[in-house]
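Let's take a friendly walk through this structure together. Have your viewer ready, and we will go from a hairpin to a surface patch and then to a helix.

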Amino acid sequence: MNGVKLDLRKVSVFYGKKQAVKDVSFPVYENKIVAIIGPSGCGKTTLLRVLNRMHDLYPDITYTGEAILSPEGINLIDRKVDPIKVRMRIGMVFQKPNPFPKSIFENVAYGLRIRGINNKTELKDRVEEALKAVWLWDEVKDRLQDNAYSLSGGQQQRLCIARAIAVQPEVLLFDEPTSALDPISTAKIEELIVELKKRTTVLIVTHNMQQAARISDFTAFMYLGELVEFGPTEKIFTKPDQKLTEDYITGRFG
């Protein structure tokens, strides 16, 4: 078994006085894919966004617990830790493709430039490598200066993934990355996510149980802000320990 890359320990999230995520604990193993499933409103996306400190701008959202990133043992959700430093190590891809209003090349180069990489050759090589990793290079290599909005939805999402992996994050968070895409683009992104675990650790929120079953190594099932069950995906889908998990998986509710 690979070591634990990210260890969630009693993570809770509050919107004002309302608790949206309740004492969630589970490990995310290095170079594995963990899927978080559960009905709408169960706290999946809230939990994911906390790990990338997306909620820091909202004063009424508070959180407790720890999300320990190895090897240093840094707590990602400690307010003393600079969220910019967190985001340099934890990449995120959202539900809807969100390319910047820039060229295809500059979308991928953006994070590299922020990190002070301005050498033209290195930028060119890193952009090409990221686009090849998401199987987009052959489709765009002759139009790198075109606006990113000229790409199809599925291509835009792959561009956003290229932008995220160009800076070589240690963990990549996906928030329902295929919900806005057609079945062919969805299949491509799923295949891509499985390929990406060779280079990074993946945590994906999905409402699509078949997707979780197809691509993840481990599954966390959440309900009403609580973690009901966590384990190897095959076990969760074939022999879950909790009746609630079984009811959800078999479509009795949700």
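How many residues lie between E9 and E10 in their hairpin? There are two residues between these strands, and Leu224 in the turn has a positive phi of about 50°. Before going on, note that this is a predicted model, where local features need pLDDT of at least 70, side-chain atom pairs count only at pLDDT 80 or more, and totals for chains, interfaces and linings use all residues. Residues are numbered from 1 along each chain as its sequence is written, and side-chain values use heavy atoms, with hydrogens and water left out.

Strands E9 (residues 218-223) and E10 (residues 226-232) run antiparallel and are joined by six bridges; strands pair if DSSP finds at least two bridges between them. Ala220 has Phe230 in E10 as its bridge partner. Strands are DSSP runs of E with at least two residues, helices are runs of H or I with at least four, and both are numbered from the N terminus.

Now turn to the surface, where Ile84, Met88, Tyr110 and Ile114 form a nonpolar patch with about 360 Å² of accessible area together (Shrake-Rupley method, 1.4 Å probe). Helix H2 (83-89) and helix H3 (104-114) each supply at least two of the patch residues. Such patches take residues with over 30% relative accessible area and no salt bridge (a Lys or Arg side-chain nitrogen within 4 Å of an Asp or Glu carboxyl oxygen), joining nonpolar side chains within 5 Å and like charges within 9 Å. Met88 sits in helix H2 and counts as partly exposed because its relative accessibility is 32%, between the buried limit of under 20% and the exposed limit of over 50%.

Finally, Glu129 belongs to helix H4 (residues 120-133) and is partly exposed, at 39% relative accessible area. Its C-alpha atom is separated by 8.8 Å from that of Ala162, 33 residues apart along the chain.

Methods:
Buried < 20%, exposed > 50% of the residue type's maximum accessible area, 1.4 Å probe, protein only.
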